[in-house]
Amino acid sequence: MAVERADDNEAEAVTLEAGAPEAPDPKVVAAIAAAEAAGPQSGETVRIDSWIWSVRLVKTRSAGATACRGGHVHVNGERVKPAHSLRVGDEVRVRQEGRERIVIVRRLIRKRVGAPVAVQCYVDNSPPPPPRTAVAPAGIRDRGAGRPTKRDRRELERLRGLTEGNRRGRFAGPSGPGGPSGPGSSGEVDSPDGSVDPEGAGGSGAKARHPAPNRKNPRSAR
């Protein structure tokens with residue numbers, strides 16, 4: 001008899017544990033309380049542009065109004081204006097940045113709240129966002145790989161779109177006035193009488209054309 005009673009007590013304990021409701025998450029309870037505190041007073045309505053901003057579907061309220069005017073916000077399948085009054089149970093569709101958000105209104109709020117509180121105000125039926133295209137960064141080497149070789153540098157330059165012509169143009173010398181290809185690059189200098197001195201001012205050509213007189217022997221200058 002004692003064994004049967006012990007088995008009955010264990011069965012009752014298991015039944016009570018199975019039927020006992022789970023304790024609510026304190027964070028969820030706090031989020032619901034914050035959402036209800038941000039709701040409108042009795043008799044007040046909530047505008048659609050204010051609500052989608054409050055639940056963080058758009059970044060700013062002006063962006064929500066602009067989306068409504070541009071036809072990117074629909075309530076129950078109809079295009080609405082920014083001042084449209086929202087009700088619990090309405091289906092809201094917001095298209096922004098190439099993605100459509102589809103939510104069902106659970107709570108009406110007029111103040112912007114955090115993300116944990118915002119998700120308690122609607123049922124999200126949005127399709128998953130499109131996958132992002134992975135782009136491999138160019139010019140990043142593994143740590144500890146050492147200095148790049150000539151071949152590695154050529155590959156990096158090819159990835160960066162640096163052609164052979166751009167490389168030569170980048171390392172070419174100056175070509176402006178006074179440079180290798182500018183005026184005076186051949187060493188020719190105009191003399192005071194208008195003739196061209198091919199060796200430059202004070203060069204050997206100038207000495208050959210205008211020899212300096214010998215002061216000790218004036219006849220040698222004749």
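This is a predicted model: local features need pLDDT of at least 70, side-chain atom pairs count only at pLDDT 80 or more; totals for chains, interfaces and linings use all residues.
Residues are numbered from 1 along each chain as its sequence is written, and side-chain values use heavy atoms, with hydrogens and water left out.

Next I counted aromatic pairs and got 1 (rings of Phe, Tyr and Trp, the six-membered one for Trp, with centres within 6.5 Å; planes under 30 degrees apart are stacked, over 60 edge-to-face, the rest tilted). Tryptophan 51 and tyrosine 122 have ring centres 6.5 Å apart and planes at 75°, so I logged the pair as edge-to-face. It links distant parts of the chain, 71 residues apart: tryptophan 51 in helix H3, tyrosine 122 in strand S7 (residues 122-124). Helices here are DSSP runs of H or I, at least four residues, and strands are runs of E, at least two, numbered from the N terminus.

Then I turned to serine 50, which sits in helix H3 (residues 48-54). Is serine 50 buried or exposed? Serine 50 has a relative accessible area of 5%, so I wrote down buried. Leaving out residues up to four places away in sequence, serine 50 touches Arg61 and Arg110 (contact means heavy atoms within 4.5 Å).

Last, I checked valine 73: with that sequence exclusion, its contacts include Ile48, Ile52, Ala67 and Cys68.

Technical notes: Buried means under 20% relative accessible area, exposed over 50%, partly exposed in between (1.4 Å probe, protein chains only).
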